[in-house]
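This briefing gathers selected features of one protein model, grouped by topic. Please keep the sequence and the structure in view while reading.

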Amino acid sequence: RTSLRANTPFTAPLPPRLTMSVAFASPALLARPRAAPSTARFGARRPARAAASTPAPRGLGARASLGPASRQRPAPAAVPRGRSVVTHAEPDTVGTLSRTSTETCLIDPVVGAKRFSNFFWAGVVTTGATGFLIVGASAFLEHNLLWFLDASEIKFFPQGLVMSFYGVAGTLLATYLWLTINWDVGAGYNEFNKEEGIMRIFRYGFPGKNRRINLVSNLSDVQAVRVEIRDGVNPQRVVYVRCKGKSDIPLTRIGQPMTLAETEQKAADLAKFLGVPIEGL
């Protein structure tokens, strides 16, 4: 037994149960070397793991260690042309735009409701409506709520009731003006891009389905630049773009007309950039 155990390749002591089986086994069988475990099943996975664990070059961040597929960015979705679509532009982005004019791109920002005239009239209407409400309430309570607004000689019916009505109407109008200013209705930009061959008219509207209006058309459809000038009590100076098969698209801001010189200069610059004639001058 001692000689058989000495000829075996095992160096560790054998369990008691295997002592008899080893003793009666042939020396040739005991001397057979053990086969190495097969690595065919795991051979294909090792190169992939090695490639995934390769340290990323400096400056690419943590995403580069996931392999080349993770560094590929998805292609941006194409914007449908010739119709209004909803985009994801933020008000801060549009508010910080400035006029840009190059050989291939022209971007003209449009001022919305956030202008001085709207702030002024919203403040005047708010002050007047608050005064009417205080006078109506003082006439109803028969006590002056503010010492500088004397309503002791005003009866609630009919003078106090009429002032209260004016105060409520003024409050509703002031609320509408302040909300319009907050939403910046009418703000946006006009973009004419020769590289992409598109004309983009972007405007902000009231909250809802048409909050962001993005009208994209082919630049080749522009036929002319039209100017409409109307003087009088309500002057109007608007620059339009005439497109093939569509109605004229206004480009200027609404509510605050430009001067005649600004209108002519704006129309001349746009017509020169697009290479189309001017109509209405």
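Helices, counted as DSSP runs of H or I with at least four residues, are numbered from the N terminus. On that basis Thr130 is found in helix α7, which spans residues 116-141. The model is a predicted one, and its secondary structure comes to nine helices and 10 strands. Of the 281 residues of the protein, 29% count as buried, and among the contacts with a separation of 6 or more, residues 24 or more positions apart account for 52%.

**Helices α7 and α8**

- The axes of α7 and helix α8, the latter made up of residues 156-183, come within 7 Å of each other and cross at roughly 150 degrees. Because angles over 145 degrees count as roughly antiparallel, α7 is described as roughly antiparallel to α8.
- The crossing in which α7 passes α8 is left-handed.
- Thr130, in α7, and Ser164 are separated by 34 residues in sequence, while their C-alpha atoms are 9.6 Å apart in space.
- The side chain of Thr130 reaches the backbone oxygen of Thr126 at 2.7 Å, and Thr130 itself is partly exposed, with a relative accessible area of 40%.

- A cis peptide bond, with omega of about 10 degrees, joins Phe157 and Pro158, and the place of Pro158 is in helix α8.
- Glu142, which lies in the loop between α7 and α8, has a positive phi of about 55 degrees although it is not a glycine. Glu142 counts as exposed, at 75% relative accessibility.
- Asp184 lies in the loop between α8 and β4, the strand of residues 188-193, and this residue, likewise not a glycine, has a positive phi of about 55 degrees. Is Asp184 buried or exposed? At 19% relative accessibility, Asp184 counts as buried, since the cut-off for that class is under 20%.

**Met199 and its surroundings**

- Met199 is found in strand β5, which covers residues 198-204, and it counts as buried at 1% relative accessibility.
- Which residues does Met199 touch, when residues up to four places away in sequence are not counted? The contacts of Met199 are Glu191, Phe192, Leu215, Val216, Ser217, Leu219, Val222, Val241, Cys243 and Ile249.
- One of these partners, Leu219, is 20 residues from Met199 in sequence, with a C-alpha to C-alpha distance of 5.4 Å.

**Cysteines**

- Cys243, which is among the residues touched by Met199, is buried, with a relative accessible area of 4%.
- Cys105 is buried as well, with a relative accessible area of 15%.
- With a disulfide taken as a pair of cysteine sulfur atoms within 2.5 Å, the count comes to zero disulfides.

**Thr252**

- Thr252 has its place in the loop between β9, residues 249-250, and α9, residues 260-274.
- Although Thr252 sits in a loop, it is buried, with a relative accessible area of 7%.
- Leaving aside residues up to four places away in sequence, Thr252 touches Arg237, Val238, Val239, Met258 and Lys266.

Key: Residues are numbered from 1 along each chain as its sequence is written. This is a predicted model: local features need pLDDT of at least 70, side-chain atom pairs count only at pLDDT 80 or more; totals for chains, interfaces and linings use all residues. Side-chain values use heavy atoms; hydrogens and water are left out. Helices (H or I, at least four residues) and strands (E, at least two) are DSSP runs, numbered from the N terminus. Buried means under 20% relative accessible area, exposed over 50%, partly exposed in between (1.4 Å probe, protein chains only). Contact means heavy atoms within 4.5 Å. A polar contact is a pair of N or O atoms within 3.5 Å; within protein, one must be able to donate a hydrogen and the other to accept it, and residues adjacent in sequence count only if both atoms are side-chain atoms. Axes are lines fitted to C-alpha atoms, for helices over the stretch in contact, and angles run from 0 to 180 degrees between N-to-C directions. Angles under 35 degrees count as roughly parallel, over 145 as roughly antiparallel, 65 to 115 as roughly perpendicular and the rest as oblique. A crossing is left-handed if the near helix is turned anticlockwise from the far one by less than a right angle, and right-handed if clockwise.
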